[in-house]
Amino acid sequence: MANLHLQTVDLIKRFGGLTATDKLSLEIERGELHAIIGPNGAGKTTLIAQLTGELAPDSGRIHFDGEDITDLPVHTRSGRGLARSFQITNIMPDFTSLENVALAIQAHAGHSYRFWKNARKDTRLTEPAQGFIDMVGIGDRAHVQATNLSHGEQRQLEIAMALATKPSMLLLDEPMAGTGPDESARMVDLLRRLKESHTILLIEHDMDVVFALADRITVLVYGRAIASGKPEEIRVNPEVKAAYLGDQDGGHA
Amino acid sequence: MARLRIVLLIGLLASLALVPPIATWLDEPFYIVLFSRMLILAIGAIGLNLVMGYGGMVSFGHAAFVGIGAYMVGIGSFHSIEDGIDWMASGFFQLPAAIFVSAFFALIIGAISLRTKGVYFIMITLAFSQMLYFVAVGVEIYGADDGLSLYGRSEFAGLLDLNSDSAMYYVNFVTLGICLYAVHRIINSRFGLAIQGARSNERRMQAIGFPTFPYRLAGFVISGVICGIAGFLLANQTDFVSPDMMHWTRSGDLIIMVVLGGMGTLFGPLVGAVAFLLVEEILSSITISWQLYFGPLLILVVLFARGGIDGLLRPRQRADG
Ligand SMILES: Nc1ncnc2c1ncn2[C@@H]1O[C@H](COP(=O)(O)OP(=O)(O)OP(=O)(O)O)[C@@H](O)[C@H]1O
Ligand SMILES: [Mg+2]
């Protein structure tokens, strides 16, 4: 536990009678790829929303880079180096791919009370933005309006936007959801590269991907972590087998 | 289509520039006044469009800022004569007052209203503007609901004389040009992209690190100031200020102009203001119940030209329309 990047302590989130996060204590080390798996409705997305600040936990604390960030607003956490991609594609639909990414860069390039100079032609924004969309593999789609991208391309744009905020840690919520086999393969490739430079919390239903990429895995069921450990430990954990892995389709609808 | 639009816009600006000589030549000075009103209301609509079209904040209270700007002229003129405070007749006092007081009220109203969204935002901005309307109705010293007639137009130390219709017209025209250019710069600046991003997807903007609230608030203040400037001009144009300038129906007129011309386009509000006043002028000369015909006409525009008049001439940008 020498070098904790992100830690939650007894995190609890309830929606009415439903406990979506149940006294969750998670420890993610710097540089690791930590996968979170669990059936639909286990509370994976709810956890990410609390980490980024979109949802406030009912109790418990969140520490990032050794500091308590539980009460910080969303944009401040982004400034600290925490970035997420969304399970349900979440982009600025009436901006082009390049503009979407350029906005993410702009958000971290000082304040935006600049009223006069044309930002669309500002190479300090557009050049790095082009770099990120090249990196995720949609470089030739730079000037296409985001709403007109294919589903897979939008997933890649999501990642480019997250990367453009220069995060130290990425929270990726099912980055391959709904993409075809080719696009999935490219995404796995990308994740493998990103792993070298970022701490990653990955939510993913595809067990092959998870076991291929993860350094550690936490299994979430009804908001509780029923197991946490190295892939080989998780694979043989009887409780996990019973609750999740035994379920042939992985609980995915 | 795109080229046609540019030709038409240049044609519109050129014709507007020629209104005073043509009206003088036709010996119809009334037209100078009518088109002056168009230009001033276009400035107000440009201000509203910044928050409504580019920022996605449908304010139903922007006439309040027009009224505030106008009252600064009325109040200045009043005290300069009634109390002998000469400097209050000066435009160098009245214009900054219009700007700062409308900025101040936009800051307060925005800071509270922008915590709400959608219909609540519409209702709360409406409520604030009606509050200011009733304040104006209640202030006896400034004429209560009768309003105030100006003793004279704003004085600019002999540098600028607003007393002829033509001079007033060109002041309006130049101000309109400045506002159009300023908004053009703003919407393409970092600030402009930030508020447009917040319109497009506020949640995502926060996730990538934008504190959206202060940017939207700043946009609201700038927009209020542009309307305050329109108010300053309107008071001088009509030699009169009254609470009616702040009435909610005036805010509604501004919204109609923006929607009619094309929301979120640079020239939409100008086109909308010109169309609005022309239709009003023509219909009201034919029938007194002109509003009966204006309503359905608007509905047709909204139904068949979702981008307003300007939208009809634009190449389609979005596949989903
Ligand atoms: N805003 C909300 N209000 C009420 N209930 C919610 C809300 N958000 C999530 N829930 C519930 O909380 C539980 C956890 O949802 P969550 O989306 O976190 O699951 P998940 O693990 O991400 O599932 P999936 O694999 O389907 O994405 C679910 O039962 C869901 O219905
Ligand atoms: Mg989920």
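Trainee: Is A:R216 buried or exposed?

Mentor: Please bear in mind that this is a predicted model. A residue counts as buried when its relative accessible area is under 20%. A:R216 has a relative accessible area of 16%, so A:R216 is buried.

Trainee: With which residue does A:R216 form a salt bridge?

Mentor: The general idea is that side chains of opposite charge can pair when their charged atoms come close. Here the partner of A:R216 is A:E32, and the closest N and O atoms are 3.0 Å apart. A:E32 is also buried, because its relative accessible area is 7%. A:R216 belongs to strand β9 of chain A, while A:E32 sits in the loop between β2 and β3 of that chain, so the pair ties together parts that are 184 residues apart in sequence.

Trainee: How many salt bridges does a search of the whole structure find?

Mentor: Over all chains, the search finds 22 salt bridges. One of them, within chain B, joins B:D239 to B:R153, with 3.0 Å between the closest N and O atoms. B:D239 lies in the loop between α9 and β2 of chain B and B:R153 in the loop between β1 and α7, so this pair links parts that are 86 residues apart in sequence. As for accessibility, B:D239 is partly exposed at 34%, whereas B:R153 is buried at 10%. Salt bridges may also share partners: A:E54, A:R84, A:D173 and B:R203 are joined into one network in this way.

Trainee: How many salt bridges are there between chain B and chain A?

Mentor: The count is four. Among them, the side chains of A:D94 and B:R199 meet at 3.5 Å, N to O. This pair crosses from the loop between β6 and α3 of chain A to helix α8 of chain B. Both partners count as partly exposed, A:D94 at 22% relative accessibility and B:R199 at 31%.

Trainee: How should I describe the interface as a whole?

Mentor: One may begin with the residues that touch and then consider the area. In this structure, 33 residues of chain B are in contact with 37 residues of chain A. The area buried between the two chains is about 3,200 Å², and carbon and sulfur atoms give 56% of that area. On the side of chain B, the residues that lose the most area to chain A are B:R190, B:R204 and B:I208, together 28% of what that side buries. The interface also holds 20 residue pairs in polar contact.

Trainee: Which elements give two or more residues to the side of chain B that touches chain A?

Mentor: They are α7, α8 and α9 of chain B. The largest share, 14 residues, comes from α8(B). By kind, the residues of this side divide into 17 nonpolar, nine polar and seven charged.

Trainee: Finally, which residues coordinate the magnesium ion?

Mentor: The magnesium ion (ligand 2) is coordinated by A:T45 through OG1 and by A:Q87 through OE1, at 1.9 to 2.1 Å. A:T45 lies in helix α1 of chain A and A:Q87 in the loop between β6 and α3, so the pair ties together parts that are 42 residues apart in sequence. Relative accessibility is 32% for A:T45, which counts as partly exposed; A:Q87, at 30%, counts as partly exposed too.

Conventions. Residues are numbered from 1 along each chain as its sequence is written. Chains are lettered from A and ligands numbered from 1 in the order in which they are written. This is a predicted model: local features need pLDDT of at least 70, side-chain atom pairs count only at pLDDT 80 or more; totals for chains, interfaces and linings use all residues. Side-chain values use heavy atoms; hydrogens and water are left out. Donors are N, O and S atoms within 2.8 Å of the metal (3.2 Å for Na, K and Ca); water is not among the atoms, so sites may look incomplete. Helices (H or I, at least four residues) and strands (E, at least two) are DSSP runs, numbered from the N terminus. Buried means under 20% relative accessible area, exposed over 50%, partly exposed in between (1.4 Å probe, protein chains only). Contact means heavy atoms within 4.5 Å. Buried area is the accessible area (1.4 Å probe) that two parts lose on being put together, summed over both. A polar contact is a pair of N or O atoms within 3.5 Å; within protein, one must be able to donate a hydrogen and the other to accept it, and residues adjacent in sequence count only if both atoms are side-chain atoms. Ala, Val, Leu, Ile, Met, Phe, Trp, Tyr, Cys and Pro count as nonpolar, Asp, Glu, Lys and Arg as charged, and the others, Gly among them, as polar.
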